[in-house]
Amino acid sequence: MSTFNALPLTKAMIENLDTLGYHEMTPVQAESLPHVLQGDDLLAQAKTGSGKTAAFGIGLLHNLNVKLFRVQALVICPTRELAEQVAVELRRIARFKHNIKIVTICGGVPFLPQQSSLEHQGHIVVGTPGRIEQHLKRGTMNLDNVTTLVLDEADRMLDIGFADSIEVIMGYVPKTHQTLLFSATFPKPILKLSTRFQKNAHRVIVDAEHEENVIRQYFYKSKEDQKPAVTAQILATCKPASTLIFCNTKLQCRSLAKFLEAKGFSSLAIHGDLEQKDRTEILVRFSNGSSPILVATDVAARGLDISELSTVINFDLPFESEVYIHRIGRTGRAGKEGMAFSLMAPGERFRLEEINTLMGTAFEASDIKELEPSTEKSAPPMVTFSINGGRKTRLRPGDILGALTGDAGIAGSCVGKINCFEFYSYVAIERKMADKAEKALSKNKIKGRHFIVHRHE
Ligand code: ADP
Ligand code: MG
């Protein structure tokens, strides 16, 4: 393991990384950062959750000229959600210096406010290809000072069909610049993209999948109509801290979440039909520990970066066995043990066999009777509050934290994740302090203003 001290970074950068709990580099960071800092091109492959954002982010931010109010780095991501996640991570890393401006430019939100944030010139733009292309074509974004371009999750961008957009965007970036290409896989089209846009790119391949990952896998037989009850039984027995449940259809997601909710398990369903705001809210509540069960389809779960997922449940076995590996690969990360439960309906034996063939395993499906649920119910440890103010109305995480720990007298250790979006924010509070926090947030002013606060349970 190597520490960040091994790199030529400023003291302020290293101290801030320390406060984020980043004491050691992850393998992809250790191998990429020296090249990124040098200004070299890089082609890096590492699985989801391996710390790729910081692997380019620390380099971008270190090399930034903060006094120059021009876009100096452009990070392109396949989806709005991923772009938002990258922006959040970059902002955390950027705390080592004042006044670094990071702008997100994604589709699905109004164009004009973006235009005005661009006019105020961010240092770093994070966005999705389509919308970036639009801004460039309309002349509302200028990339003449870009020194680094990042293609994050490049394989997925090509899957979605963004190759042409990327080509267009490249035309607006100065000839000499650094291109960093990150991808979870290295299919041929990625290599083509690299040869087309990169010069002498260093290649970094980190695949820790084999050594560190411990995922315990269990298969249970269940009749189709018994699956919801069996799922509840698994949850009651294992009491996982966080669970992602996969269903094959949207309809099933919704009805399972309802069923579990009725059984006393706080659960949310995420599927393609939701409004962006609802999606964001669901993800916030899941990742801050206030709603520990998320029911999703494969499509909706794509690109969700949820670290520390303790359990995956396959309510339905996937139609393709590769998908099984992707699903269960979301747990057991960073050396922690994960659990994967799969329900096998009668007539689905062949699916289990395919999985066994693909993985070289010999799992058998057991009877659910093995599981003995405990009757004791436990509420999620955290409660989420939403506040109708965000970055665009100058409400920052520090303001919310201040309002809670100041007059309200709530210990900082009881305050969990704070997520500030453009026009609204979320804060997670330990359950025992939730009533106190609710009073404080709705009665007291935050930064001199009253906000509408909702408690989500
Ligand atoms: P990827 O892009 O490879 O999927 P992310 O960049 O989203 O991964 O990082 C996954 C998680 O790991 C994030 O929650 C991030 O804050 C955390 N992380 C990144 N680097 C480190 C580090 N050096 N030490 C501890 N945690 C880290
Ligand atoms: Mg990433």
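Predicted model: local features only at pLDDT ≥ 70, side-chain atom pairs only at ≥ 80, totals over all residues.
Q: OK, salt bridges. How many does the structure hold?
A: It holds 18 salt bridges.

Q: Why would two side chains pair like that at all?
A: Opposite charges can pair when the charged atoms come close.

Q: Give me one to look at. Which residue meets Glu15 in a salt bridge?
A: Lys11 does. The N to O distance is 3.5 Å.

Q: Where do Glu15 and Lys11 lie?
A: Both are in helix α1, which covers residues 11-19. They sit 4 residues apart, about one turn of the helix.

Q: Is Lys11 buried or exposed?
A: Lys11 is exposed, with a relative accessible area of 65%.

Q: Next one. Which residue does Asp316 pair with?
A: Asp316 meets Lys227 in a salt bridge, 2.9 Å from N to O.

Q: And are Asp316 and Lys227 buried or exposed?
A: Asp316 is buried, and Lys227 is buried too.

Q: What about Lys447? Which residue is its salt-bridge partner?
A: Asp399. Their side chains meet at 3.5 Å, N to O.

Q: Where in the chain are Lys447 and Asp399?
A: Lys447 is in the loop between α17 (434-443) and β18 (453-456). Asp399 is in helix α16, residues 397-405. The pair links distant parts of the chain, 48 residues apart.

Q: What is the phi of Lys447?
A: It is positive, about 50°, although Lys447 is not a glycine.

Q: Why point that out?
A: Because most residues other than glycine have a negative phi.

Q: New topic: ligand 1. Which residues come nearest?
A: There are 17 residues around ligand 1. Tyr22, Glu24, Gln29, Gly49 and Thr53 come nearest.

Q: Which atoms of ligand 1 face Tyr22 and Gln29?
A: For Tyr22, a polar side-chain atom lies 2.3 Å from an oxygen atom of ligand 1. For Gln29, a polar side-chain atom lies 2.8 Å from a nitrogen atom of ligand 1.

Q: And where does the backbone of Gly51 come in?
A: A polar backbone atom of Gly51 is 3.2 Å from an oxygen atom of ligand 1.

Q: How much of ligand 1 does the protein bury?
A: Taken alone, ligand 1 exposes 570 Å². The protein buries 80% of that.

Q: Which helices supply at least two residues each to the shell?
A: α3 (52-63) and α4 (80-93) do.

Q: How does the shell divide by residue type?
A: Into 2 nonpolar, 9 polar and 6 charged residues.

Q: Let's zoom in on Gln29. Where is it?
A: Gln29 is in helix α2, residues 27-38.

Q: Buried or exposed?
A: Gln29 is buried, with a relative accessible area of 4%.

Q: What does Gln29 touch, leaving aside neighbours within four places in sequence?
A: Its contacts are Phe4, Glu24, Pro34, Gly51, Ala54 and Ala55. Glu24 is also among the residues that come nearest to ligand 1.

Q: What does Glu457 touch, not counting residues up to four places away?
A: Arg285, Val383 and Arg431.

Q: And how far is Glu457 from Met382?
A: They are 75 residues apart in sequence. In space, C-alpha to C-alpha, they are 9.7 Å apart.

Technical notes
Residues numbered from 1 in each chain as written. Chains lettered and ligands numbered in written order. Heavy atoms only, no water. Salt bridge = Lys/Arg side-chain N within 4 Å of Asp/Glu carboxyl O. Buried < 20%, exposed > 50% of the residue type's maximum accessible area, 1.4 Å probe, protein only. Near = heavy atom within 4 Å. Polar contact = N/O pair within 3.5 Å; in protein donor to acceptor, adjacent residues only side chain to side chain. Areas by Shrake-Rupley, 256 points an atom, 1.4 Å probe, with all protein chains shown as cover. Nonpolar A, V, L, I, M, F, W, Y, C, P; charged D, E, K, R; others polar. Contact = heavy atoms within 4.5 Å.
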